[in-house]
Amino acid sequence: MSAVTDEKPLDGGLLGSSPLRTLLTRPELGSVVGALAVFVFFAFAADGFLRATSLSTVLYASSTIGIMAVPVALLMIGGEFDLSAGVLVTSSALVSSMFSYQMTANTWVGVGVSLLVTLAIGAFNGFMLTRTRLPSFIITLGTFLMLTGMNLGFTKLIDGTVSTKTIADMEGFSSAHAVFASTIGIGGVGIKVTILWWVGLVALASWILLRTRTGNWIFAVGGNEDAARAVGVPVARTKIGLYMGVAFGAWISGQHLLFSFDAVQSGEGVGNELIYIIAAVIGGCLITGGHGSAVGSAVGALLFGMTSKGIVFAEWNPDWFKFFLGAMLLLATLLNAWVRKRAEATK
């Protein structure tokens, strides 16, 4: 008989009865406090930061990270990593572009083929992990290296250069651009469609985590895999599904990359996987799994967007960006650890 129910602690493991205790157990509390502090700081330090156009730019920068940070956060809650997530975005764009161009097909055909290929790569990661029992670090590092080589090798083999041919004049490009890379005018301010994708993914992931049995399984697998398996949780299926979720996010990001510029550089994406992981950790996900939220990953991505664009608006040397990113990571991790200790002390 399964001991896993549809009820789940709001923080993925800590329960509380009072409003204060509930607030302290929220995994995204530290990132929200940090985001407010960064927002107030740049509001005073950077001229024009509070303009509507500037905030739209911040949200766009955040969304390009947040689309991937959401499924990466769910994967980390499930206790695993994916070091191939960054280059998988580029792989998704390359497959879509090259298939459409070489087959002289409607670009939507390439988009569909790219979805199938990307999901298959995600399933491969999950299958290899569950079958071999090797650490996800090793499995996805191998996938990262293979995809990096394949992206460059196939692009040079098929197109003769390190970038794909333009598909801007192909049938279906305008409609695909509208879905993945368009700008929507709201009150005289341009809002990128990626922001809507981002918000939708956060809402979907939150619903899965907090309102479905699958969400229980994700927390259980990340908290204690052996205990979860003992009470009937389908551990292998859950982890494969989480990796396919990361692949789905990579597909969306890849199509945005392609239809924003109509061509793709095969070497892009390397290193972005660390940014996605950083956003999830800043948002309250634990390295050890079993704790975190989709909203927290969104706040982590927002922190990234505010910092990257705030430095530009403040006209500071952008070389300092990585320093601020690392400082935020350490501070958020320390704050999250302190919040958890306070919450446990009030139990």
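Predicted model: local features only at pLDDT ≥ 70, side-chain atom pairs only at ≥ 80, totals over all residues.

Student: How do α4 and α12 cross, and at what angle?

Tutor: The axes of α4 (residues 85-102) and α12 (residues 272-282) cross at roughly 120 degrees and come within 6 Å. Angles of 65 to 115 degrees count as roughly perpendicular, so α4 is oblique to α12.

Student: Which residues meet there?

Tutor: From α4, Ala85, Gly86, Val87 and Val89; from α12, Asn272, Glu273 and Tyr276. The contact of α4 with α12 divides into four nonpolar residues, two polar and one charged.

Student: And α9 with α11, what's the angle?

Tutor: Roughly 100 degrees, with the axes of α9 (residues 213-223) and α11 (residues 235-261) coming within 10 Å. That makes α9 roughly perpendicular to α11.

Student: Lys239 has a charge. What does the Lys239 side chain meet in a salt bridge?

Tutor: Glu80, at 2.4 Å from N to O. Glu80 is in the loop between α3 (52-77) and α4, while Lys239 is in helix α11, so to speak a link between distant parts of the chain, 159 residues apart.

Student: How many salt bridges does the count come to?

Tutor: Five.

Student: Changing topic: which residues form the nonpolar patch on the surface?

Tutor: Phe124, Met146, Met150, Phe154, Leu157 and Ile158, with about 580 Å² of accessible area together.

Student: Which helix gives the most to the patch?

Tutor: Helix α6 (residues 136-159), with five residues. Phe154 is one of the patch residues, and its place is in α6.

How values were computed: Residues numbered from 1 in each chain as written. Heavy atoms only, no water. Axes fitted to C-alpha atoms, helices over the stretch in contact; angles between N-to-C directions. Helix = DSSP H or I, 4+ residues; strand = E, 2+ residues; numbered from the N terminus. Parallel < 35°, antiparallel > 145°, perpendicular 65-115°, else oblique. Contact = heavy atoms within 4.5 Å. Nonpolar A, V, L, I, M, F, W, Y, C, P; charged D, E, K, R; others polar. Patch = residues over 30% accessible without salt bridge, like charges linked within 9 Å, V, L, I, M, F, W, Y side chains within 5 Å. Areas by Shrake-Rupley, 256 points an atom, 1.4 Å probe, with all protein chains shown as cover. Salt bridge = Lys/Arg side-chain N within 4 Å of Asp/Glu carboxyl O.
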